[in-house]
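Here is my note on the model, point by point. Please read it with the structure open.

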Amino acid sequence: MIRKRRTRILIKGSSDVPAKLAQEIQDSYEVKKIEESNNGLVMIKAREKAKQSLFYLGEVLVTECKVMINGFLGIGMVQGHQPELAHNLAVIDAAYNASLAETDAWKKVLLIEENRINKENQTFMNKVLKTKVNFDTMNV
Amino acid sequence: MGYVAVKGGIQAIEESIKRLKYERLKKGTVLKFQEIEGGMRCLIDQVMSESSLYSETLAAMAIKQAEGSPEEAVFLLRAYRSTLPRKHYSRTVQSEEMSVERRISSSFKEVPGGQILGAANDYTHRLIDFDLNEETDDEAIAWVREYALESGVDNDQTDLSDLPKTLDYLREEGLIPTCEINNNEPDDVTKESLHFPTSRSQRLQILTRGQTGAVTSLGYAALRSYGALHPTVGELRIGKLPIYVNSPFHDQKEDEDAYYIGEIKVTEVETLFPAEVQKGKGEKEIEFEIGYGICYGQNETKAIAMSILDRCLETGNPEYPPHNEEFVLLHIDSVESTGFISHLKLPHYVTFQSKLDSVRKSKK
């Protein structure tokens with residue numbers, strides 16, 4: 001599964017999922033810490049719609065962690081102060097980068113979690129859509 | 001003019017700081033961050049926006065420490081921000097990717113995707129709800145549970161994470177001039193000091209982190225008398241934007257290789273300004289220009305005012321203060337304006353004494 005999709009699932013979904021997957025790797029491989037979870041900033045680059053130009057919207061607090069497994073680096077990056085999640089994300093990233101056998105079985109787990117996230121999102125959207133206006137023109 | 005160092009106030013300062021702590025705690029109430037995060041959503045949004053740092057938890061801490069003073073909380077967050085490394089720049093975010101929670105247009109009744117009211121104070125009576133005095137945690141939890149059990153719509157397939165932009169329809173009709181995608185790297189006002197004339201990216205960055213009251217007041221001034229504008233909100237949308245960061249260790253900047261890091265809530269406004277355009281043979285036509293506003297969190301007044309000021313500064317009429325970029329951009333930053341005003345409280349004994357001496361001499 002591509003990184004963009006899997007990191008979205010791992011961050012938007014339950015934190016139990018990355019915790020379980022990272023533990024699976026840590027039980028079987030040596031995980032070398034390259035950079036402990038630490039805070040930093042990500043500057044957001046945005047495109048405005050009036051002139052289609054780029055500008056900086058502001059910064060976001062993030063937690064970042066780096067680990068290495070079998071010589072392959074993994075990075076965990078997440079919004080806010082979430083040191084444990086950043087570490088777990090880094091381990092999972094390194095596992096994918098190292099093409100560890102365990103990752104083959106993870107696709108199913110991630111798809112189930114993605115399905116749950118999508119269902120939650122649909123419920124949320126259906127609630128928001130109750131505030132949609134149905135205009136009726138008055139005959140006066 | 002020179003400054004003279006003085007000493008002797010250490011004990012008084014220590015006692016003053018104790019008094020400040022006493023004022024915060026004297027009623028025996030200790031606010032939890034979670035309570036501030038849960039119940040002070042709009043203040044948190046304002047503080048995050050003005051400090052230009054998105055973190056609801058940090059904003060809640062700063063609000064607690066500042067006893068609810070937005071200017072002090074913004075100062076604390078800006079100071080904290082300066083201690084952190086900037087690790088990455090995000091991939092470009094675009095509001096088409098927004099997961100929309102509220103979206104209205106005052107220009108078009110039937111906007112594609114519909115007018116979605118979401119959560120807003122606009123439709124309330126603005127009467128103080130005295131029942132809130134009796135509200136309990138248990139009642140709140142029960143209400144939320146009940147609301148969650150209410151069914152949503154089941155016959156509306158609108159995808160709120162893929163809502164078309166209202167103004168794109170005007171562009172397709174040729175009523176708004178289309179413009180090419182501009183991929184020039186933006187300037188960053190946090191890295192380089194401002195020089196005039198400014199670039200568009202500098203103006204937008206300063207406006208979006210401007211103090212809410214200052215941005216609103218100048219936007220209002222632009223409407224009321226200085227330039228006689230009457231824009232219409234083409235689209236106001238509030239929702240969450242996903243943030244992605246490119247992999248720092250891979251050369252190819254493939255979209256699919258990016259890291260998702262989370263999402264931020266923003267308010268975005270596109271405002272329409274009718275303008276007379278001179279065509280050939282003395283003919284005139286009406287065209288629409290667009291003002292752009294965006295800010296962290298839900299802060300609709302600020303975003304609308306920003307869109308007005310954006311248009312004013314693009315026009316740049318020196319006759320009117322809200323169209324003057326030096327006037328607007330140098331005065332709307334919370335830390336700069338409150339900091340400079342506050343410095344007047346600091347000892348000016350020597351400078352004032354010298355002025356006093358001059359007055360005495362002139363009286364003789």
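Predicted model: local features only at pLDDT ≥ 70, side-chain atom pairs only at ≥ 80, totals over all residues.

1. Helix α1 (residues 3-12) of chain A packs on helix α4 (residues 102-128) of chain A at an angle of about 60°. Their axes lie 10 Å apart. The crossing of α1(A) past α4(A) is left-handed. From α1(A), the residues that take part are A:R6, A:I9 and A:K12. They meet A:L110, A:E113, A:E114 and A:I117 in α4(A). By class, this contact has three nonpolar, no polar and four charged residues. The spacing along each helix is worth a look. An α-helix has 3.6 residues a turn, so residues three or four places apart point the same way.

2. Two backbone angles in chain A deserve a check. Most residues other than glycine have a negative phi. A:N70 is not a glycine, yet its phi is positive, at about 50°. A:N70 sits in the loop between β2 and β3 (72-79) of chain A. Is A:N70 exposed, partly exposed or buried? A:N70 counts as partly exposed because it has 14 C-beta neighbours inside 10 Å.

3. The second case is A:S99. Here too phi is positive, at about 50°, in a residue that is not a glycine. A:S99 belongs to the loop between α3 (83-97) and α4 of chain A. A:S99 has 10 other C-beta atoms within 10 Å, so it is exposed.

4. Now chain B as a whole. Chain B has 364 residues, and 34% of them are buried. It holds 13 helices and six strands. Along the principal axes, the C-alpha atoms of chain B fill a box of roughly 75 × 70 × 55 Å. Take the contacts in chain B with a separation of 6 or more: 64% of these join residues 24 or more positions apart.

5. How is chain B divided into domains? The assignment gives domain 1 (10-81) and domain 2 (95-126 + 158-332). The C-alpha centres of domain 1 and domain 2 of chain B are 29 Å apart. Nine residues of domain 1 and ten residues of domain 2 form the contact. Helix α3 (residues 41-51) of chain B gives the largest share of the domain 1 side, with seven residues. That domain 1 side divides into four nonpolar, three polar and two charged residues.

6. Next, the contact of chain B with chain A. It takes 68 residues from chain B and 49 residues from chain A. On the chain B side, several elements each supply at least two residues, among them α4 (56-65), α8 and β4 (232-245). β5 of chain B makes the largest contribution to that side, with six residues. By class, the chain B side has 29 nonpolar, 21 polar and 18 charged residues.

7. The largest nonpolar core has 100 residues. Which residues have the most contacts inside it? They are B:A59 and B:L309. Strand β2 (residues 54-69) of chain A gives the most to this core, with ten residues. Domain 1 and domain 2 of chain B each give the core at least three residues. Look at B:L309 with its neighbours within four places in sequence left aside. The contacts of B:L309 are then B:L207, B:V215, B:L218, B:G219, B:A222, B:P322 and B:V328.

8. One of those partners, B:L207, is among the buried residues of α8(B). Helix α8 (residues 200-208) of chain B is mostly covered, with nine of its nine residues buried. The buried set includes B:R200, B:Q202, B:R203 and B:Q205, as well as B:L204 and B:I206. What do the buried residues of α8(B) pack against? They pack against β2 of chain A, and against α9 (212-224), β6 (284-296), α10 (300-315) and α11 (325-329) of chain B.

9. Last, a peptide bond to inspect. Most peptide bonds are trans. The bond from B:F196 to B:P197 is cis, with omega near 0°. B:P197 lies in the loop between α7 (166-172) and α8 of chain B.

Note on methods. Residues numbered from 1 in each chain as written. Chains lettered and ligands numbered in written order. Core = buried A, V, L, I, M, F, W, Y, C linked by C-beta atoms within 7 Å. Buried ≥ 20, exposed ≤ 12 C-beta atoms within 10 Å, placed from the backbone. Helix = DSSP H or I, 4+ residues; strand = E, 2+ residues; numbered from the N terminus. Domains from an automatic or database assignment. Contact = placed C-beta atoms within 7 Å. Axes fitted to C-alpha atoms, helices over the stretch in contact; angles between N-to-C directions. Left-handed = near helix turned anticlockwise from the far one by under 90°. Nonpolar A, V, L, I, M, F, W, Y, C, P; charged D, E, K, R; others polar.
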